[in-house]
Amino acid sequence: MRDKKAVLKLVHHYILITIGCFVLAFGDAAFISPLGLVTGGVLSIGVIAQHFINLAGSDFYVVDIVTWGVQILLLGVSFLFLGKKFTLRSLFATLIYPAFFTILIRVPMIGSQSVGNYIARYFISDPKDYGLITLAALAGGALIGAGVGICYHGGGSTGGLDVISVIVAKKTPVREATSAFIMDGLLVIIGMICMRDVVSGIIGVLGAFACAIGVQYVYVNTASFVIADIISSETEKIQTYVHETMDRATTVIDVTGGYSGESKKILRVAFSKRELSAFRTFIGQVDPRAFVTFTQASMINGEGFDPLVSKTTIDFAKKNSKDEDLHG
């Protein structure tokens with residue numbers, strides 16, 4: 001039974017990662033790449049390379065080729081610095097995203113056109129219509145953010161520059177989000193300098209903001225957690241539901257009612273926000289008179305949730321502390 005649950009959970013994760021990578025690749029292929037916008041991420045390296053190819057008088061498309069090359073290069077970096085386990089865990093998304101992108105931008109599916117070029121033709125008809133380009137950048141950025149958020153829900157990442165962020169987080173106290181923001185910002189600035197197009201650079205920044213909002217809406221807002229304290233006459237039924245249906249643990253706390261002086265039990269449960277509606281409905285069905293408080297938590301660490309701070313981070317903090325003692 002437990003093995004079956006583990007397999008189903010793994011399949012669910014891979015389905016989410018596949019969907020997320022497709023949505024991400026679609027946003028890139030239909031909007032960002034045809035616009036030649038630099039919004040951050042591995043694709044931006046390909047867009048900058050394409051700019052120089054075009055300047056040289058060639059129309060040969062290299063964005064996906066560069067994306068493949070950088071993704072594979074960073075896989076090697078991941079193996080060297082983060083180990084075999086991490087690399088294998090991120091291998092699927094690292095390869096399937098550029099595969100989707102190549103299919104969407106190169107393979108004729110609608111007449112003689114690829115899906116990406118077909119959509120780009122209708123939405124980006126005038127290269128000087130900055131209003132329309134801005135709308136396309138916002139749509140592409142939102143799709144990219146949604147795709148990344150879906151991948152995060154599947155317990156994976158889209159690879160690429162995320163590898164650098166993880167290495168920085170493991171070797172220094174700088175958080176992954178901070179280093180990712182710095183790298184994306186640098187790519188946008190480099191793109192503006194190389195292309196000498198401030199307007200497109202600003203539109204690219206707007207696309208990056210839309211991406212951040214997409215991640216926030218799809219992943220961050222739905223990934224928050226809830227802690228519930230329940231006082232009920234049907235504690236056993238609620239416990240059974242939590243253990244068997246939600247696959248969560250419970251904590252039972254003995255308390256005394258301040259007004260009644262009666263001995264009672266509080267059932268404490270931590271779970272994701274997505275489970276709140278079903279859990280509250282169940283309690284209402286088995287014990288409409290139950291007293292329940294729900295508290296939102298931005299993060300929960302431990303068994304069944306994200307792991308606590310990594311050993312590397314602790315070692316780094318201890319090392320800094322020792323260095324301060326030596327030099328203090």
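Me: Which residues form a nonpolar patch on the surface?

Reply: Leu135, Leu138, Val198, Ile202, Val205, Leu206 and Phe209 do, with about 620 Å² of accessible area together. This is a predicted model, where local features need pLDDT of at least 70, side-chain atom pairs count only at pLDDT 80 or more, and totals for chains, interfaces and linings use all residues. Residues are numbered from 1 along each chain as its sequence is written, and side-chain values use heavy atoms, with hydrogens and water left out.

Me: What are the rules for a patch?

Reply: Patch residues have over 30% relative accessible area and no salt bridge; nonpolar side chains (Val, Leu, Ile, Met, Phe, Trp, Tyr) are joined within 5 Å, like charges within 9 Å. Areas come from the Shrake-Rupley method with a 1.4 Å probe, and for residues only the protein chains shown count as cover.

Me: Which helices supply at least two residues of the patch?

Reply: Helix H5 (130-153) and helix H8 (198-220). H8 gives the most, with five residues. Helices here are DSSP runs of H or I, at least four residues, and strands are runs of E, at least two, numbered from the N terminus.

Me: Is valine 198 buried or exposed?

Reply: Exposed, at 52% relative accessibility. The cut-offs are under 20% for buried, over 50% for exposed, and partly exposed in between (1.4 Å probe, protein chains only). Valine 198 sits in helix H8.

Me: Switching to the inside. Which residues touch the most other members in the largest nonpolar core?

Reply: Cys21, Val38, Leu43 and Phe101, out of 41 residues in that core. Elements giving two or more residues to this core include helix H1 (2-35), helix H3 (63-106) and helix H7 (176-195). H3 gives the most, with ten residues. A core here is a set of buried Ala, Val, Leu, Ile, Met, Phe, Trp, Tyr and Cys residues joined through side-chain atoms within 4.5 Å.

Me: Now the sheet. What is the order of the four strands?

Reply: S4-S5-S3-S6, an open sheet with antiparallel pairing. The edge strands are S4 (250-256) and S6 (291-297), each pairing on one side only. Two strands pair if DSSP finds at least two bridges between them.

Me: How many bridges join S3 to S5?

Reply: Six, between S3 (residues 225-231) and S5 (residues 263-272). Valine 226 stands opposite phenylalanine 271 in S5, and alanine 228 is opposite valine 269. S3 and S6 pair over seven bridges, also in the antiparallel sense.

Me: Why is S3 largely enclosed by the rest of the structure?

Reply: Because five of its seven residues are buried.

Me: How many salt bridges are there?

Reply: The count is six. The rule is a side-chain nitrogen of Lys or Arg within 4 Å of a carboxyl oxygen of Asp or Glu.

Me: Which residue does arginine 268 meet in a salt bridge?

Reply: Aspartate 229, at 2.7 Å, N to O. Arginine 268 lies in S5 and aspartate 229 in S3, so the pair ties together parts that are 39 residues apart in sequence. Aspartate 229 is buried, at 19% relative accessible area. Arginine 268 is partly exposed, at 37%. Aspartate 229 also stands opposite threonine 293 in S6.

Me: And what does aspartate 254 meet?

Reply: Lysine 265, in a salt bridge at 2.8 Å, N to O. Aspartate 254 is in S4 and lysine 265 in S5, so this pair links parts eleven residues apart in sequence. Aspartate 254 is exposed, at 60% relative accessible area. Lysine 265 is partly exposed, at 43%.
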